[in-house]
Amino acid sequence: MNPILIKFLLRLIVFTTFVFVIHLYILNTLELPLFNNEIVFSYVINIASAIIIFLMLFLLRNKFKNQLGFIFLFGSVIKFGLFILFLYKPFYADGLISKAEFFTFFIPYFFTHTIEIFSLSKWLNNIQ
């Protein structure tokens with residue numbers, strides 16, 4: 001396996017696991033239910049979509065070298081679309097999205113997206 005992919009996967013898994021544990025710790029500290037609001041599913045869907053987007057960019061790096069930024073943006077739209085498809089309906093079932101529900105989606109989305117951007121910027125700056 002390519003070292004670029006290995007570094008990305010390790011960075012993504014380790015950092016997101018750390019964020020997940022902190023997220024659970026904060027929920028516990030606030031005496032909120034730990035595994036409500038599809039929290040595990042939210043992390044899984046964000047991690048899986050980050051891996052798919054990065055892998056897609058990696059595989060298309062030679063053929064679409066000048067369009068990789070647009071492909072990344074398209075992948076980000078798809079990731080947000082997955083939220084709407086899978087999480088919005090359960091979150092909005094009671095007519096409003098609570099802070100806990102919002103953060104259940106936003107925290108893994110933000111951190112996986114940040115790791116993607118960081119990894120892609122390092123990788124793309126080294127492409128000749």
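Which backbone oxygen does the side chain of N46 reach? Keep that one in mind while we get our bearings.

**The whole chain**

Start with everything shown as a cartoon. You're looking at a predicted model, with four helices and zero strands. Follow the chain from the N terminus and the order reads α-α-α-α.

The chain exposes about 8200 Å², and carbon and sulfur atoms supply 73% of that. Of the 128 residues, 34% are buried. If you display contacts with a separation of 6 or more, 72% of them come from residues 24 or more positions apart.

Colour by charge next. There are 9 positive and 5 negative charges, and their mean positions sit 24 Å apart.

**Stop one: N46**

Hide the surface and select helix α2, residues 39-59; N46 lies in this helix. Show its side chain and you have the answer to the opening question: the side chain of N46 reaches the backbone oxygen of S42, at 2.8 Å.

Is N46 buried or exposed? With a relative accessible area of 1%, N46 is buried, because the cut-off for buried is under 20%. To see what is around N46, select K79, F105, P108, Y109 and T112: N46 is in contact with these, leaving aside neighbours within four places in sequence.

The structure holds twelve aromatic pairs. One of them joins F80 and F105: the ring centres are 5.9 Å apart and the planes are at 70 degrees, so this pair is edge-to-face. It links distant parts of the chain, with F80 in helix α3 (residues 68-91) and F105 in helix α4 (residues 99-125), 25 residues apart.

Check accessibility for each partner. F105 counts as buried at 6%, whereas F80 is partly exposed at 38%.

Next, select F102 and F103. Their ring centres are 5.2 Å apart with planes at 70 degrees, so this pair is edge-to-face. F102 has a relative accessible area of 41%, which makes it partly exposed, and F103, at 38%, counts as partly exposed too.

Key. Residues are numbered from 1 along each chain as its sequence is written. This is a predicted model: local features need pLDDT of at least 70, side-chain atom pairs count only at pLDDT 80 or more; totals for chains, interfaces and linings use all residues. Side-chain values use heavy atoms; hydrogens and water are left out. Helices (H or I, at least four residues) and strands (E, at least two) are DSSP runs, numbered from the N terminus. Buried means under 20% relative accessible area, exposed over 50%, partly exposed in between (1.4 Å probe, protein chains only). Contact means heavy atoms within 4.5 Å. Accessible areas come from the Shrake-Rupley method with a 1.4 Å probe; for residues, only the protein chains shown count as cover. Lys and Arg count as positive and Asp and Glu as negative; His and the chain ends are not counted. The place of a charge is taken as NZ of Lys, CZ of Arg, CG of Asp or CD of Glu. A polar contact is a pair of N or O atoms within 3.5 Å; within protein, one must be able to donate a hydrogen and the other to accept it, and residues adjacent in sequence count only if both atoms are side-chain atoms. Rings of Phe, Tyr and Trp (its six-membered ring) pair if their centres lie within 6.5 Å; planes under 30 degrees apart count as stacked, over 60 as edge-to-face and the rest as tilted.
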